[in-house]
Protein chains: 2
Amino acid sequence: MTSNDCLGFLGLGVMGLPMAQHLAQQHPLVVFNRTREKAEALAGSDIEVAQTPAEVAARCRLIFCMLANDEAVSHVMRGPAGVFQSDLRDRIIVDHSTISPRLTRTLAAEAGQRGAVWLDAPVTGGDIGAREGTLTMMVGGPREAFEVVLPYLREMGRLIVHVGPVGQGQMLKLVANLVSALNLMAASEGVRMALDLGLGLDEAALVMQNGSAQSFELTKVLDRVRRKDFTPGFSVAHRYKDLKLALDLAREARFPADLAWSAERLYREHLARGYGAQDESSYWTRWDEG
Amino acid sequence: MTSNDCLGFLGLGVMGLPMAQHLAQQHPLVVFNRTREKAEALAGSDIEVAQTPAEVAARCRLIFCMLANDEAVSHVMRGPAGVFQSDLRDRIIVDHSTISPRLTRTLAAEAGQRGAVWLDAPVTGGDIGAREGTLTMMVGGPREAFEVVLPYLREMGRLIVHVGPVGQGQMLKLVANLVSALNLMAASEGVRMALDLGLGLDEAALVMQNGSAQSFELTKVLDRVRRKDFTPGFSVAHRYKDLKLALDLAREARFPADLAWSAERLYREHLARGYGAQDESSYWTRWDEG
């Protein structure tokens, strides 16, 4: 394979794996994952497993990345065998991870010094959206590079929106996540209160989903509560990480996100009770202990 | 008209008027409104304007009611020319107002002593739902009485759910309103933060409405912000009244509605700034003054 006809993909977790699989349906892929076994389970005639991120970058012009947090993205780029160790002329790096806008801008500058263009392209729609190829993506960075990668993004997502310069994708993602965190907690609080008042779950669900209480997160909470299943999905630790990043951003921008700060305190308490690895909707169980 | 072939309707406000008009398409109506001119504008061959609530109750077996708050419902029932002054044998009173479950149970008992059955049937879907006949209604009270009025409720609403004994309709309404209040404030905070960060309203709206930030209230906020129009609609004073009723109920039930209490403080500040008569979504403007 040459750098012109393969795509690179870094990070094959809950989100990255199905996203890479969508790309693999139409293109040869060179992939890297920290836990090598996960990558090898995917290997086949059109999917090669690289030894290092640097190898992916050396071989592919377009490099997609879906990692857990700032530390993971920083390491895969700047680490000893990282992407930034390779010649990056004409490369476009598309980062689907949700990380801080500040780190995004710094990495974009460092990539630029090496000849690459950085696009931040975080996603919303969860693991279901990743599997079904129905993700929404918000993309920051130069419009010309965006146009180049757009056909590939369309293989992984349904709605792809260019939202501004580099970092703006992350900003919008963090703000949208702040709203959904609040909606998640509102839905939990309301449904739980309804049950405590003696209302039935089915009646409460029917009314709330067909009125002004309706939200994406309400549907998710109701589904989890019905199944009594809090295996992640999107973990409490990830949810809290994103909420914290959003509030760091609010502080930097001197934006008084008052309701979100109240929510942060409550969600932090839930995390501190040992729920980090449970699904975000396990917030629901906080009323078990009162 | 006799009490068997007419319907009574008390309260012809933003919600009551279109609801009464739906019923009037198929049945003769006897209506009462505190401001008599509003009722007379509606009068016609099949709509008669009564002098008092007592007259409506004397003439109609089914009495629908849509009023602003506890005080208004209490007065129209217990006042000097109120419903409770009439012989109420075989009457069914259907209260669509959003009032406290506590007052609902008391009025239901007083109505029962006079021979009437009380159903609490608060609605969700707003003035648009009332005009289009697409309201969702949650009904508390005896199931037999519910079955009797169900065909009429279907003329005003789309989804009609019997949720339990008398008062349970109000309880579910208050809880659903608590959730929508939180979603409204979350949407306002998020969209405003996005604009402060330099994102475009169209891009932010597109992404948020197609991802996990989506909610009924987000759509409403975006519509109001685009039109820069905060005429009510559902006023800040009404929204705050319902939030307060929900928190009174939470306190009675010893349910710790922590996020809602934080929201109550923030929304009370907005009310105190003089926005009571504006649309609930004017909460959006709180960041103008920072």
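Analyst: Happy to! One term before we start: a helix here is a DSSP run of H or I with at least four residues, and helices are numbered from the N terminus. Please also keep in mind that this is a predicted model.

The peptide bond leading from A:P232 into A:G233 is cis, and its omega is near 20 degrees. Now find the loop between helix 10 and helix 11 of chain B, where B:G233 sits. There the bond from B:P232 to B:G233 is cis as well, with omega near 15 degrees.

For helix 11 and helix 12 of chain B, the axes come within 10 Å and cross at roughly 150 degrees. That crossing makes helix 11 of chain B roughly antiparallel to helix 12 of chain B, because angles over 145 degrees count as roughly antiparallel. The crossing of helix 11 and helix 12 of chain B is left-handed.

Which residues bring the two together? On the side of helix 11 of chain B they are B:V236, B:A237, B:R239, B:Y240, B:L243, B:K244, B:L247 and B:R251. They meet B:A260, B:W261, B:A263, B:E264, B:Y267, B:R268, B:H270, B:L271 and B:Y275 of helix 12 of chain B. Sorted by class, the residues of this contact between helix 11 and helix 12 of chain B are 11 nonpolar, one polar and five charged.

For the loop that links these two helices, let's switch to chain A. A:R254 lies between helix 11 and helix 12 (258–275) of chain A. Its phi is near 55 degrees, which is a positive value in a residue other than glycine. A:R254 counts as exposed because its relative accessibility is 76%, and exposed means over 50%.

Next, step back along chain B to another helix pair, helix 8 and helix 10. Their axes come within 8 Å, with a crossing angle of roughly 50 degrees. Helix 8 and helix 10 of chain B are therefore oblique to each other. The crossing in which helix 8 of chain B passes helix 10 of chain B is right-handed. From helix 8 of chain B, the contact uses B:S180, B:N183, B:L184, B:A187, B:S188 and B:V191, while helix 10 of chain B brings B:E217, B:L218, B:V221 and B:L222. In class terms, this contact of helix 8 with helix 10 of chain B has six nonpolar residues, three polar ones and one charged one.

Is A:S188 buried or exposed? A:S188 is buried, because its relative accessible area is 0% and anything under 20% counts as buried. Beyond its neighbours within four places in sequence, A:S188 is in contact with A:V221, A:Y283, A:W284 and A:W287.

Between helix 8 and helix 10 in number comes helix 9 (residues 201–209) of chain B. Its buried residues are B:A204, B:A205, B:V207 and B:M208. What do they pack against? Within chain B, the partners are helix 8 (168–196) and helix 10 (216–227). In chain A, they are strand 8 (135–140), strand 9 (157–164) and helix 8 (168–196).

The domain assignment of chain A gives domain 1 (7–165) and domain 2 (172–289). Taken over C-alpha atoms, the centres of these two domains of chain A are separated by 28 Å. The two do touch: 13 residues of domain 1 of chain A are in contact with 10 residues of domain 2 of chain A.

Notes: Residues numbered from 1 in each chain as written. Chains lettered and ligands numbered in written order. Predicted model: local features only at pLDDT ≥ 70, side-chain atom pairs only at ≥ 80, totals over all residues. Heavy atoms only, no water. Buried < 20%, exposed > 50% of the residue type's maximum accessible area, 1.4 Å probe, protein only. Contact = heavy atoms within 4.5 Å. Axes fitted to C-alpha atoms, helices over the stretch in contact; angles between N-to-C directions. Parallel < 35°, antiparallel > 145°, perpendicular 65-115°, else oblique. Left-handed = near helix turned anticlockwise from the far one by under 90°. Nonpolar A, V, L, I, M, F, W, Y, C, P; charged D, E, K, R; others polar. Domains from an automatic or database assignment.
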